[in-house]
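Let's take a look at how two chains meet in this model. Have the viewer open as you read.

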Number of protein chains: 2
Amino acid sequence: MDEIVGRRVRITGGPRGEWVVERVLAVRGPALPAVPRVERREGSSEPVADAAWTLHGVRSNERYVERRERDRLVAVQEELGRAASSCAALIPIKKNSEWWQLAQDERRAILEGRSRHIAIGLDYLPAVARRLYHCRDLGEPFDFLTWFEFAEGDRGRFDDLVGRLRETEEWRYVEREVEVRLLRATGAT
Amino acid sequence: MDEIVGRRVRITGGPRGEWVVERVLAVRGPALPAVPRVERREGSSEPVADAAWTLHGVRSNERYVERRERDRLVAVQEELGRAASSCAALIPIKKNSEWWQLAQDERRAILEGRSRHIAIGLDYLPAVARRLYHCRDLGEPFDFLTWFEFAEGDRGRFDDLVGRLRETEEWRYVEREVEVRLLRATGAT
């Protein structure tokens, strides 16, 4: 498989997928249309005929995480797909043009220096597993798609994590955010 | 126009375009096929029927440049399209996977801390105007496309600039580089 194809993700909302939609919350700006199920498929960007909506992203190089931070993350984080992770969340985010016009050191100072984005995420590892996909340069409606997975008993921790992030200086630059809460399907799609 | 459409570029090699190909140099890895002309079109990604090759990219946020560096660049740089710029160069580059797996601070330390990439470029401003397009996450054969424009009398300065960059530690991570040297067409395409 091409390296780029392997890094791609296609997330669809529609009648099928292994995740049942529990609720869709418009945190800021318009929500995504309500759908019964969501599918996250890596390594593909082929269209899905019956999808109500499709989001594309790509796993890319780190933009802010430094070596010492990555070492700490890698030491405790766990992969997606754990058997105990019966809950998931998709959070697509779009930041405003003011954010994107900042220089690299200015964005880093806000994101980690003052907002502690990386450190806050670390506080919830390994309970809340995450994967970040980039999509700003793909012409998508969002800049990032973050996928979270956690156990039923860790719902409160997930809510705490996103609640803390939403209070940060970094989040003042978020102009659209949707939270799609998901439960692993137990029956056939 | 969509914000993303305005940030896109399509560079084609083929029978038409305002730039006459002077020579194509395979600096590292395979060259691009020889063509008579090159066209750089921003705000479009529509296919060109008779192009021998097409490269896509996008103007994106800065990944390494810090505020104090940007202020210095902005104070002296000039735009593309100057009447005196009868020479141009397209340099597509692909870096290896080792580069992309480095953390942000490690890449910054190599790119500027030790290789002085930003400082070297500044030495040739405003003579050698540049524009950087990103394409790694688009599934393109290269990671970056850099477009340079300069006057006939500044050819030596351009050669000096790229020569200095190719001797840096950063360039050890470059696995493919092509240099397409161009002259502004004086007649019809």
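What follows is a short tour of the interface, its charged pairs and its symmetry.

This is a predicted model, in which local features need pLDDT of at least 70, side-chain atom pairs count only at pLDDT 80 or more, and totals for chains, interfaces and linings use all residues. Residues are numbered from 1 along each chain as its sequence is written, chains are lettered from A and ligands numbered from 1 in the order in which they are written, and side-chain values use heavy atoms, with hydrogens and water left out.

On confidence, the mean pLDDT of chain A is 96, with 98% of its residues at 70 or more (pLDDT is the predictor's confidence in each residue, from 0 to 100). For the complex, the predictor gives an ipTM of 0.95 and a pTM of 0.96.

Now the interface. Chain A puts in 26 residues and chain B 26 residues, where contact means heavy atoms within 4.5 Å. About 2200 Å² is buried between chain A and chain B, 39% of it on carbon and sulfur atoms; buried area is the accessible area (1.4 Å probe) that two parts lose on being put together, summed over both.

| Salt bridge | Closest N and O atoms |
|---|---|
| A:Asp137 with B:Arg63 | 3.1 Å |
| B:Arg67 with A:Glu106 | 2.9 Å |

B:Arg67 sits in helix H2 (residues 67-76) of chain B and A:Glu106 in helix H4 of chain A, so this pair joins two chains. Helices here are DSSP runs (H or I, at least four residues), numbered from the N terminus.

And how does the symmetry look? Chain A superposes on chain B by a rotation of 180° with 0.0 Å of shift along its axis, at an RMSD of 0.0 Å. That is the relation of a two-fold axis. Both copies use the same surface, as 100% of the contact residues of chain A recur in chain B. The superposition is by least squares on the C-alpha atoms of residues with pLDDT of at least 70 in both copies.

Technical notes. Salt bridge = Lys/Arg side-chain N within 4 Å of Asp/Glu carboxyl O.
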